[in-house]
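Please look at the sequence and the model before reading on.

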Amino acid sequence: MDHSSLSEATMALADKVLFPTYKRAHVVLMRGEGCRLWDEDGKEYLDFVGGIAVCALGHSSPIVSRALEDQSRKLVHVSNLYYTKPQVELAQLLVENSFADCVFFCNSGAEANEAAIKLARRYSSEKYGPGKYTIVSMKGSFHGRTMATLSATGQAKVQHGYEPLLQGFKFAPFNDLQGLEETIDDSVCAVMLEPIQGEGGVICPDPGYLKAVKDLCLERGLLLIFDEVQTGMGRTGKLFAHEHYGVSPHIMSLAKALGNGLPIGAMLSTEELKSAFGPGSHATTFGGTPLVTAVAKAVLTSLLKDGWLGHCQKMGKYFREKLEGLKRRHPIVKEVRGFGLMIGVELEQTGAPFVEECFKRGFLINCAQDRVLRFVPPLIVGQGEIDALSQVLDEVLP
Ligand SMILES: Cc1ncc(COP(=O)(O)O)c(C=O)c1O
């Protein structure tokens, strides 16, 4: 059997034995290094998806490999019935570098948002009694695929067929303070939003919006939850996207790039909320194992110490200039937007054919909301790689 027929066999088997929940590209990826991936035939791909904003330090990062190897020889998992050092050290590093005072570790973005929703409800029920439980989230938002997080997600396509949805979720228009004010009633305990909507198509709010939302929350006694699952961990050129807006939340969820590909999520909050999550109130078997937290600590240390945030800002600016150049040459490009290396290019028509054309030429890109080409490469991406993709986009866009 030659290589490509091996891949065909793998893909045929996948069709048989996996749920068809994903529409996958026609490739079996075998190996990665930095921003590059290789399939079974040795064909190379330049990766501008980065595992969907996950592999910030790139593929096969020696930092990840070293932490993984060292820790796997010491201790992988013991449960949260015991203290383990990497977990505490990662929590300390997150606390020292954020608005937050305490951390709950879990395994994914959805689970971090579940924890955020539960903490907001429990804190509010303890403080105000029953009846104050509604979470207002945003139209066009994405918070995950569990029942609570899809109930909090402002996209009908994510909710379709799963009705009845959970009670206690309402939606406001994003980037519209008056619309938010009109949604808030006495049952509301928290406002939950992504500082920049990712799955919604890389939508950045106006500069003063998040500050106005925070002020409104303080005025009405509401908690503010920022879902930084996609925008966090340096993606936008700051460790957390809300830093661009000079506004901090009461609660924040993280996942994706936190473990550079190892499954880890985290929910962080201020001291005031800490006691609402007392012993037995919330838990998860795998949350914050020594293995994943040792890796996440190494990743976060590198992000902070090795200049990757500055690099991300620089490369993001360079990339956007390139894309603005494409916009001038290609009328199909409607808008270029984003922060750092979270960039969306909105097209006048569906983006799928261009994703496919780039794929054929060995470039992995992604499309959100049908018309928005989304670029979330590893933060270590270089100018040469951005040049190469820009040239291919120049060729494939009409
Ligand atoms: C903003 C945001 N929140 C939550 C999630 C869900 O994360 P996970 O897929 O790890 O559950 C995502 C995933 O894309 C996301 O972008």
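What volume does the largest cavity have? The largest cavity has a volume of about 40 Å³.

## Basis

This is a predicted model, in which local features need pLDDT of at least 70, side-chain atom pairs count only at pLDDT 80 or more, and totals for chains, interfaces and linings use all residues. Residues are numbered from 1 along each chain as its sequence is written, and side-chain values use heavy atoms, with hydrogens and water left out.

## Cavity

A cavity is a set of points on a 1 Å grid over the protein atoms alone where a 1.4 Å probe fits but cannot get out; lining residues have an atom within 4 Å of a point. The count is one cavity of 30 Å³ or more. Residues lining the largest cavity include His77, Tyr82, Gln87 and Pro290. The lining divides into three nonpolar, nine polar and no charged residues.

## Cores

A nonpolar core joins buried Ala, Val, Leu, Ile, Met, Phe, Trp, Tyr and Cys residues through side-chain atoms within 4.5 Å, where buried means under 20% relative accessible area (1.4 Å probe, protein chains only). The largest such core has 60 residues, and Phe375 and Leu393 have the most contacts inside it. Helix α12 (residues 308–329) gives this core its largest share, seven residues. A second, separate core of 25 residues includes Val202 and Met342.

## Sheet

Four strands (DSSP E runs of at least two residues) form an open sheet of mixed pairing, in the order β1-β2-β3-β13. β1 (29–33) and β13 (363–364) stand at the edges with a single partner strand each, so one side of each is left without a neighbour in the sheet. Strands pair if DSSP finds at least two bridges between them; β2 (residues 36–39) and β3 (residues 44–47) are antiparallel over three bridges.

Methods: 1 Å grid on protein atoms, 1.4 Å probe; cavity = no way out; pocket = protein on both sides within 12 Å on 5 of 7 lines; lining within 4 Å. Points joined across faces, edges and corners; volume = space filled by probe spheres on them. Nonpolar A, V, L, I, M, F, W, Y, C, P; charged D, E, K, R; others polar. Buried < 20%, exposed > 50% of the residue type's maximum accessible area, 1.4 Å probe, protein only.
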